[in-house]
Amino acid sequence: MRDKINDDLKTAMKAGEKDRVGTLRLINAAIKAADIEARPSGKDKISDTDILSVLAKMVKQRRDSIDQYTAGGRQDLVDKEQAEINVIEAYLPKQMSEDEAKTAIAAIIKEVGAAGPKDMGKVMAALKAKYAGQMDFGKASALTKDLLK
């Protein structure tokens, strides 16, 4: 994953794609920060799964910014954030639809033997381990809560 991002960064630099270069540098910085955070736990570099989580977090931050900029009437900033999302999402696996997510959540609930709302943590941990980067865990949390009632 790191190699692909760095190769794409070099290609974008050679092609003179300033916006893409900027976004790829932001991705590298976020990964580097996560690497540094992981050092106390004995890891030198985070795994590809952790990188997917970092990228998903970056997309979520940009979507939140888009909401703010839209409310403030700043279409220029909305467009910039959306362009960054498009670059970041190229490295994420295809996102699940809501129906696919419900099916996956139901399967995990069955797999971990969740009986009620008190098992929410177990279900969410299993979902994050199995479907990192493939679903919005904010929405997944609400769906899980509905299914565990």
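The model is predicted, with local features requiring pLDDT of at least 70 and side-chain atom pairs pLDDT 80 or more, while totals for chains, interfaces and linings use all residues. Residues are numbered from 1 along each chain as its sequence is written, and side-chain values use heavy atoms, without hydrogens or water.

Pockets were located on a 1 Å grid over the protein atoms alone; a pocket is an open set of points where a 1.4 Å probe fits, with protein on both sides within 12 Å along at least five of seven lines. Lining residues have an atom within 4 Å of a point. The largest pocket holds about 690 Å³, a volume being the space filled by probe spheres set on the points, which are joined across faces, edges and corners. Its lining comprises 26 residues, and Gln95, Met135, Asp136, Phe137 and Gly138 are the closest to the pocket centre. Two or more lining residues come from each of α3 (48-71), α5 (98-112) and α7 (137-147). Helices are DSSP runs (H or I, at least four residues), numbered from the N terminus. Helix α3 contributes the most to this lining, with 8 residues. By class, the lining has 10 nonpolar, 6 polar and 10 charged residues. Here Ala, Val, Leu, Ile, Met, Phe, Trp, Tyr, Cys and Pro count as nonpolar, Asp, Glu, Lys and Arg as charged, and the others, Gly among them, as polar.

The second largest pocket has a volume of about 260 Å³. Residues lining this pocket include Ala30, Glu37, Ile46, Lys57 and Gln61. Helices α2 (18-38) and α3 each give two or more residues to the lining. Its composition is 7 nonpolar, 2 polar and 2 charged residues.

A nonpolar core is a set of buried Ala, Val, Leu, Ile, Met, Phe, Trp, Tyr and Cys residues joined through side-chain atoms within 4.5 Å. Buried means under 20% relative accessible area, exposed over 50%, and partly exposed in between (1.4 Å probe, protein chains only). The largest core has 23 residues; Leu24, Ile27, Ile46, Leu55 and Tyr91 touch the most other members. Helices α1 (2-15), α2, α3 and α4 (75-89) each supply two or more residues. The largest share, 7 residues, comes from α3. Beyond four places in sequence, Leu55 contacts (heavy atoms within 4.5 Å) Ile27, Ile88, Tyr91 and Leu92. A separate core of 17 residues includes Ala104, Ala114, Leu127 and Leu143.

Arg63 also belongs to α3. This residue is partly exposed, because its relative accessibility is 41%. Beyond four places in sequence, Arg63 contacts Ile85 and Glu89. Arg63 and Glu81 lie 18 residues apart in sequence, with a C-alpha to C-alpha distance of 7.7 Å.
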